[in-house]
Amino acid sequence: MLTGKKILVGITGSIAAYKSIILVRLLVKAGAEVRVVMTPAAKDFVSPLVLSTLSKNKVYCELAEADEWSNHVELGRWADLFIIAPLSCNTLAKMAHGFCDNILLAVYLSATCSVVVAPAMDEDMWKHPSTKQNLAKLISFGNTVMEVNHGELASGLIGDGRMAEPESIIQFIQSSYFRNNSLAGKKALVTAGPTYESIDPVRFIGNHSSAKMGFAIAEALYMEGAEVYLITGPSSEQIQFDGIHKMEVQSASEMYDQVMALFTQMDIGVFSAAVADYTVFNPAVEKIKKKDAELNITLTKTKDILAEAGNTKKPHQLIIGFALETENEKVNALDKLARKNADFIVLNSLRNEGAGFAGNNNAVTIFSKSGMEKSIGLKSKKAIAKDIVSLIKETVNV
Ligand code: CTP
């Protein structure tokens with residue numbers, strides 16, 4: 001999601017510098033081009049060799065090395081974003097007052113891109129008035145200061161001052177600086193996950209859906225600039241972006257109510273949830289006790305959320321359904337497309353090896369109302385989500 005973005009990572013002397021190794025690794029994994037600049041004190045905590053290996057680039061530690069002068073102006077102009085993590089109290093004070101006695105500070109003073117800092121220090125230092133004043137100065141310069149976390153500190157004390165986790169830094173920079181705007185102004189609703197239909201207070205009928213596909217679609221829509229509402233059944237998945245409106249439901253009828261409350265305001269609806277087709281007619285109020293006789297549970301049909309959306313949709317609304325078939329896949333998928341009045345149906349086949357509910361990969365075929373058929377071979381659910389969102393972009397932006 002950071003493909004081609006140029007990120008400069010600044011590291012200062014703090015025990016939290018070990019997290020910058022993970023940060024660099026995650027940035028590279030997300031597709032960014034990464035360069036690293038360090039203060040002399042940072043080298044006591046992490047080795048430039050590790051960072052140059054992970055970033056696949058030379059690490060800048062000195063303003064001048066042997067007979068070579070490091071061009072800090074070039075570095076500061078090269079980057080799309082400069083992130084200083086961890087930011088120590090000492091470097092913070094120097095940045096606030098325009099000091100320039102190392103390469104990181106020289107790059108900071110000549111950077112033309114946005115600057116994000118992730119402070120790390122002990123709680124007493126974090127709460128000191130001079131730290132607060134210095135941070136306020138950075139903010140007045142237009143820099144962004146990430147929140148510190150609460151927890152165990154290098155001193156052994158528990159308090160505020162831990163550096164933000166690398167995963168949070170990545171999600172913050174992605175959503176704050178690198179969102180596209182191809183779906184800006186559009187509202188999108190995504191259903192995800194299984195539903196749980198209660199039998200009694202401790203038992204339910206559910207299914208193996210992990211919600212991974214729906215979460216990936218919600219994130220891909222968000223990264224294209226849409227305002228996203230994710231309505232999910234029970235799942236252990238974590239959504240990457242705080243800006244996505246996430247609503248948790250349990251049963252098919254709760255999911256139906258949430259969707260119907262929002263659907264008229266939406267431009268896009270993606271219905272990837274594995275909604276129960278049947279629910280328990282009369283769930284027991286108390287736990288059902290074991291008896292010798294057989295136990296019969298009466299099931300009644302749930303309301304079909306996708307069909308309801310399809311039947312009430314306005315011409316500007318685009319809806320996408322999912323189908324999971326084990327036989328007559330194409331015929332059944334096309335039947336679903338027509339019956340539920342969807343614009344697209346994404347067919348998952350359980351026959352594809354490596355694809356399925358719990359895994360990170362999937363293989364799908366997408367059918368459109370206008371007769372298009374597009375197969376996407378086995379790849380990550382995140383990559384498939386991007387393909388689906390590309391199709392959405394092409395359709396809503398014509
Ligand atoms: N769906 C829904 N509400 C339901 C059941 C299904 O919104 N109560 C949606 C799913 O989110 C998915 C699509 O409908 O997008 C396909 O669901 P599926 O259960 O496979 O379809 P059915 O209509 O139940 O058809 P069948 O049982 O014949 O497979």
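Student: How many helices and strands does the secondary structure of the chain come to?

Tutor: This is a predicted model, and its chain comes to 13 helices and 22 strands. Along its principal axes, the C-alpha trace spans about 80 × 55 × 40 Å.

Student: Which domains does the domain assignment give?

Tutor: The assignment gives domain 1, covering 6-177, and domain 2, covering 187-396. Their C-alpha centres are 41 Å apart.

Student: What percentage of the residues counts as buried?

Tutor: A residue is called buried when its relative accessible area is under 20%. In this chain of 398 residues, 49% count as buried. The accessible surface comes to about 19,200 Å², and 51% of that area belongs to carbon and sulfur atoms.

Student: What do the contacts say about residues at least 24 apart in sequence?

Tutor: Consider the contacts between residues at least 6 apart in sequence: 67% of them join residues at least 24 apart.

Student: Let us turn to charged side chains. How many salt bridges are there?

Tutor: The general idea is that side chains of opposite charge can pair when their charged atoms come close. The count here is 18 salt bridges. One of them joins Lys336 and Glu325, whose closest N and O atoms are 2.5 Å apart. Lys336 belongs to helix α12 (residues 329-339) and Glu325 to strand β19 (residues 318-325), so this pair ties together parts that are 11 residues apart in sequence.

Student: Are Lys336 and Glu325 buried or exposed?

Tutor: Lys336 has a relative accessibility of 16% and therefore counts as buried. Glu325, at 9%, is buried as well.

Student: Where in the chain do Glu237 and Lys212 lie?

Tutor: The side chains of Glu237 and Lys212 form a salt bridge with an N to O distance of 3.6 Å. This pair links distant parts of the chain, 25 residues apart: Glu237 is in the loop between β14 (227-232) and β15 (245-248), while Lys212 is in helix α9 (residues 212-223). Glu237 has a relative accessible area of 22%, so Glu237 is partly exposed.

Student: Which residue forms a salt bridge with Lys379?

Tutor: Lys379 pairs with Asp387, and their closest N and O atoms are 2.7 Å apart. Lys379 is partly exposed, at 31% relative accessibility. Salt bridges can also be linked in a network, as they are for Lys19, Arg162 and Glu165.

Student: What does Ala323 contact, leaving aside its neighbours within four places in sequence?

Tutor: Ala323, found in strand β19, is in contact with Lys336, Ile345, Val346, Leu347 and Asn348 when those sequence neighbours are left aside. Ala323 counts as buried, at 2% relative accessibility.

Student: Which residues other than glycine have a positive phi? I have Lys56 and Asn328 in mind.

Tutor: Lys56 has a positive phi of about 60 degrees although it is not a glycine. Lys56 is in the loop between α2 (48-55) and β3 (59-60), and counts as exposed at 65% relative accessibility. Asn328 also has a positive phi, near 40 degrees. Asn328 lies in the loop between β19 and α12, and is exposed with a relative accessible area of 52%.

Student: Is the peptide bond from Ala85 to Pro86 cis or trans?

Tutor: The peptide bond from Ala85 to Pro86 is cis, with omega near 0 degrees. Pro86 is found in strand β6 (residues 81-87).

Notes: Residues numbered from 1 in each chain as written. Predicted model: local features only at pLDDT ≥ 70, side-chain atom pairs only at ≥ 80, totals over all residues. Heavy atoms only, no water. Salt bridge = Lys/Arg side-chain N within 4 Å of Asp/Glu carboxyl O. Helix = DSSP H or I, 4+ residues; strand = E, 2+ residues; numbered from the N terminus. Buried < 20%, exposed > 50% of the residue type's maximum accessible area, 1.4 Å probe, protein only. Domains from an automatic or database assignment. Contact = heavy atoms within 4.5 Å. Areas by Shrake-Rupley, 256 points an atom, 1.4 Å probe, with all protein chains shown as cover.
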